[in-house]
Amino acid sequence: SILYLSSIEKLLILKEVLKSNRKIISISKTSSGNDLFHSNAPDIGILDQFSEKQGISKIIRRRVESSIPVPFPVYDDMFKKLWFTIFYVRLEDNKNVLKVELPYWAEDDEITEIVEIIKRDSAEGYPYLLNKAHNDVVITNKHVDELLKISRIYETTNREQLKR
């Protein structure tokens, strides 16, 4: 079906993107992962609640094969052999904990270098480019009101309906 073909298309694109895997980094301020503490609570929440100082968590390196029991519909061998390096970092004391994922096995010295670059290009403990991207895509109530006016959809109450 269309959904299946769409998933294959995403995998084909992902295969091409991963050819430059050492230039890819994923940074998120939320996560439901629990690989560090194996708790019902997310690791990022536990780290945020029970630590305040800047620093880096234990580093997790995981092969995709160990995480996904079903075969990929295309390039199964390639995807299953991928490694991911995962860690959490707080760039400044009392600021947000961030989750960092690299789509390859990264050595400790490379991770240290990456954290230094992220820290250098951050403000208030948050990477500048992520903050900019967030601010660029935030939809405010004012934006919604403007869209409603443009589309001529107005919020009405029952009383207004009776007047018509």
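**Figure 1. Lining of the largest pocket.** The lining residues of the largest pocket comprise twelve nonpolar, no polar and five charged residues. In this classification, Ala, Val, Leu, Ile, Met, Phe, Trp, Tyr, Cys and Pro are nonpolar, Asp, Glu, Lys and Arg are charged, and the others, Gly among them, are polar. The lining is made up of 17 residues, and those nearest the pocket centre are Ile25, Ile27, Ile114, Ile117 and Ile118. Two elements, helix H5 (108–120) and helix H6 (128–137), each give two or more residues to this lining; H5 gives the most, with five residues. Helices (H or I, at least four residues) and strands (E, at least two) are DSSP runs numbered from the N terminus. The volume of the largest pocket is about 350 Å³. A pocket is an open set of points on a 1 Å grid over the protein atoms alone, where a 1.4 Å probe fits, with protein on both sides within 12 Å along at least five of seven lines; lining residues have an atom within 4 Å of a point. Grid points are joined across faces, edges and corners, and the volume is the space filled by probe spheres set on the points.

The model is predicted: local features need pLDDT of at least 70 and side-chain atom pairs pLDDT 80 or more, whereas totals for chains, interfaces and linings use all residues. Residues are numbered from 1 along each chain as its sequence is written, and side-chain values use heavy atoms, with hydrogens and water left out.

**Figure 2. Surroundings of Tyr75.** Tyr75 belongs to the loop between helix H3 (64–67) and helix H4 (76–80). Its phi is near 50°, a positive value in a residue other than glycine. Tyr75 is partly exposed, because its relative accessibility is 42%; buried denotes under 20% relative accessible area, exposed over 50%, and partly exposed in between (1.4 Å probe, protein chains only). Lys15 lies over the face of Tyr75, 4.7 Å from the ring centre. A charge sits over a ring if NZ of Lys or CZ of Arg is within 6 Å of the ring centre and within 35 degrees of the ring normal.

**Figure 3. Backbone at Glu124.** The loop between strand S6 (122–123) and strand S7 (126–127) contains Glu124. Although Glu124 is not a glycine, its phi is positive, at about 55°. With a relative accessible area of 56%, Glu124 is exposed.

**Figure 4. Aromatic pairs.** Two aromatic pairs are found in a search of the whole structure. The ring centres of Phe72 and Phe79 are 5.0 Å apart and the planes are at 35°, so this pair is tilted. Phe72 and Phe79 are both buried. Trp83 and Trp105 form an edge-to-face pair, with 4.9 Å centre to centre and 80° between the planes. This pair links distant parts of the chain, 22 residues apart: Trp83 is in strand S4 (residues 83–90), and Trp105 is in the loop between strand S5 (97–102) and H5. Trp83 is partly exposed at 30% relative accessible area, and Trp105 is partly exposed at 37% relative accessibility. Rings of Phe, Tyr and Trp (its six-membered ring) pair if their centres lie within 6.5 Å; planes under 30 degrees apart are stacked, over 60 edge-to-face and the rest tilted.

Figure 5. Arg90, in strand S4, is buried at 5% relative accessible area. Its side chain reaches the backbone oxygen of Leu47 at 3.3 Å and that of Lys53 at 3.4 Å. Lys80, in helix H4, is buried at 10% relative accessible area, and its side chain reaches the backbone oxygen of Ile68 at 3.3 Å.

Key:
Polar contact = N/O pair within 3.5 Å; in protein donor to acceptor, adjacent residues only side chain to side chain.
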